[in-house]
Amino acid sequence: MLRLAWRRSASKYSHVEPSPPLTAAPDWHTTLPYKSSGGNVRSLGLFTHQCHHAPNVSSTPFHFVRSFPFTSMASGGEGPPSTLYRHTNRLAKERSPYLLQHAHNPVDWYPWGQDAFDKARNEDKPIFLSVGYSTCHWCHVMERESFEDEEIGKLLSDNFVCIKVDREERPDVDKVYMTFVQATSGGGGWPMSVWLTPDLRPFIGGTYFPPRDHGRRPGFKTVLTRIMEQWQNNRSNLESSGARILEALKKGTAVAANPGTSPPLAPDVAQRCFQQLVHSYEEEYGGFRDAPKFPTPVNLMFLMSYWSVNRSTSEGVEALQMALHTLRMMALGGIHDHVAQGFHRYSTDCSWHVPHFEKMLYDQAQLAIAYITAFQVSGEQIFADVAKDILLYVSRDLSDKSGGFYSAEDADSVPTSGGSEKREGAFCVWTASEVRQLLADVAAAAGEPASLADIFMHHYGVKEQGNVPPEQDPHGELQGQNVLIVRYSAELTAARFGISTERVNELLALARAKMAEVRKNRPRPHLDTKMLASWNGLMLSAYARVGAALGDEALLERAAQAGHFLKEHLWDEERQTVLRSCYRGDQMEVQQISPPISGFLDDYAFIICGLLDLYEATLQTEWLQWAEELQLRQDALFWDSAGGGYFCCDPNDGTVLLQLKEDQDGAEPSANSVSASSLLRLSQYTGRQEWLQRCQQLLAAFSDRLTNIPIALPEMVRALMAQHHTLKQIVICGQRDCQDTKDLLEAVNSLFLPHKVLMLLDGNADTFLCQRLPALSSMSRQGGVATAYVCQDFTCSLPVTDPQALRRLLLDGQGGMQAD
């Protein structure tokens, strides 16, 4: 049996553990290890490292040929308009930016599909499956070191059927084989490298491999040679071991409820989740664990929801303090882009200072919601400002003219000083001399005159020698550079220079604007212009919820535009199917591949949640109707009628060997967690009691996980809490555009009410809501003015017409409830 040494175990919360000498900023996208299947899985060897980043390449058809002239697709300001490539392979026909980055490797790459499967079976060759994504740093490293190497390319092409997969396009494929890698190595990450039999069964897997042997670590060429030898001489053992592991994984990953099982008790589960978060909380800078430190919005949203039902307890106060402190420290830290807005992926240190500079759409979406929730809870303007800050970045840099949202910006880019080699953070960092030259204007100050640079450098911790510690910069890419981090409050900076706080804020804003203009002229990082249904659904929620909380019509219009985009470009009306992705074409048009990739569970779940948020923000019932339609379709495609819960992908897809139910809220919330909340909300909007029952079945299916490790599913714990407390129906009777109606809606939207649904009745008995909820027809305006009713557990409050009285009623949860 093949055993290649150097295995490393994942740390308690990391998806992958870095291995020397490759210790720079690994790209971890999840935060909990694989759930062991009880010791039935035996390692087949070779496991190392992690991932991240890359240049964008191209987009026109053709096969594996030589000396083929090729036109490059511009993306993120990269690359010349045309380039002569020595190699072009099948990936040139694809639209995924990640696959296009590999279109000119000397590797005979195939996309995931029947052509590759048939070739493997016909030629009886093992499959080499390589999975990554376009902004993955270590994916780029492995491409540069190995996939662009002529000798390794020939070795791969002659002896394997090579398949390249964009994990963001095909999360179903990624989840199956990542589960295998995690189970057999204890960790995982990207690029993921897995070897399969012609019938797609994995037998060996790992992540990043260096190209050549390094000490006792075999390089990629050695790995390939050993696998070829084993395939020839020991194939039966490889196949039987792989089959046994796959069978063990099927048992170990099963999530199902026994007949008659009820969900666990919500107060107990919520308390345990809170205690587990307290145990991992880092008090000085906030966040959970030390370094690397991730934003984890799912944790923060749970803590604020926990506070909302435990306001009078010390635990509730502590939960709120943990969430708000973490959000403040992140906003002040280098993980927050102080010049061009938005948040980077994670911090490599415990103080949120030196980030991994990649920016992901799903982070922006979830953080915008977390910050606007913190504003609703605390009333502190800084949180609202940061939420708007995030959406400004997304509107400017991640938005397509069609209304869709792009996936990500890379961490690496070409330095302004020149050269072709990209560096981590080059687009974002500053030398002290750059700052002094740009901000040389003298600013009024008491005592000695101070320049704008003096004030800015003091406030943001800029140092002459750079402010990045060597241990945070193992490759020396940030030597002499500064990552901006707020070191002093505006009040302390004002006191230091003898000027007013207002003047400090004006000067800092002026300085940031000047620096933003300079950054516009720097070589931009690669932009992944793929538009994913799931992540667009998350961002739809963000615009809707921030827009509603702030009463910002421009944000609400952008949310509606995103809803129309999803329906026009990522919904197949004829087949009644959500589509996974679409792409920006060479002429800035929206393109689709043929055949398009059908949507997965997270696509449906995140869009449905976004549509419900969009309805509550705009009160346009077209979004509610589409949400109901999509939920029915999601149920038909993914529901497990035997065990409860939803499968991640279509269980009838024969190329997916494991039918998984995601049991972790990580970088993105689990689609089952989001679906549990949506089922509750939709049952209130439609009167469909089967959706309430389905929510209970779903929660029961995840009972073991919720009971034992609720920290793995904080978003699902929120759904469990909502199911336990039941949702309030807040019904506003009034004309949408009248001021009295707007005043009542503003009172509702100003509050964080995690256990509510909001409805508008405009007097039309034929509306979607009145047809499904006949009891609403008894509600009407009182005294000719807009009126609110708050109902829960079949009882309703007395009608309320005063916005402040409505606020008190919602905050107190009481106020003259009567039987309905």
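Glu-690 is partly exposed at 38% relative accessibility, a class between buried (under 20% relative accessible area) and exposed (over 50%), taken with a 1.4 Å probe and protein chains only. Its salt-bridge partner is Arg-688, also partly exposed, at 24%. This is a predicted model, in which local features need pLDDT of at least 70 and side-chain atom pairs count only at pLDDT 80 or more, while totals for chains, interfaces and linings use all residues. Residues are numbered from 1 along each chain as its sequence is written, and side-chain values use heavy atoms, without hydrogens and water.

A salt bridge here is a side-chain nitrogen of Lys or Arg within 4 Å of a carboxyl oxygen of Asp or Glu. The structure holds 45 of these salt bridges, including the following.

| Salt bridge | Closest N and O atoms |
|---|---|
| Asp-149 and Arg-212 | 3.0 Å |
| Glu-282 and Lys-293 | 2.7 Å |
| Arg-688 and Glu-690 | 3.1 Å |

Helices (H or I, at least four residues) and strands (E, at least two) are DSSP runs, numbered from the N terminus. Asp-149 is buried at 19% relative accessibility, whereas Arg-212 is partly exposed at 36%.

Glu-282 is buried at 13%, and Lys-293 is buried at 0%.

In helix 2 (residues 114-123), the buried residues are Ala-116, Phe-117, Lys-119 and Ala-120. The face turned away from the buried side carries the exposed residues Asp-115 and Asn-122.
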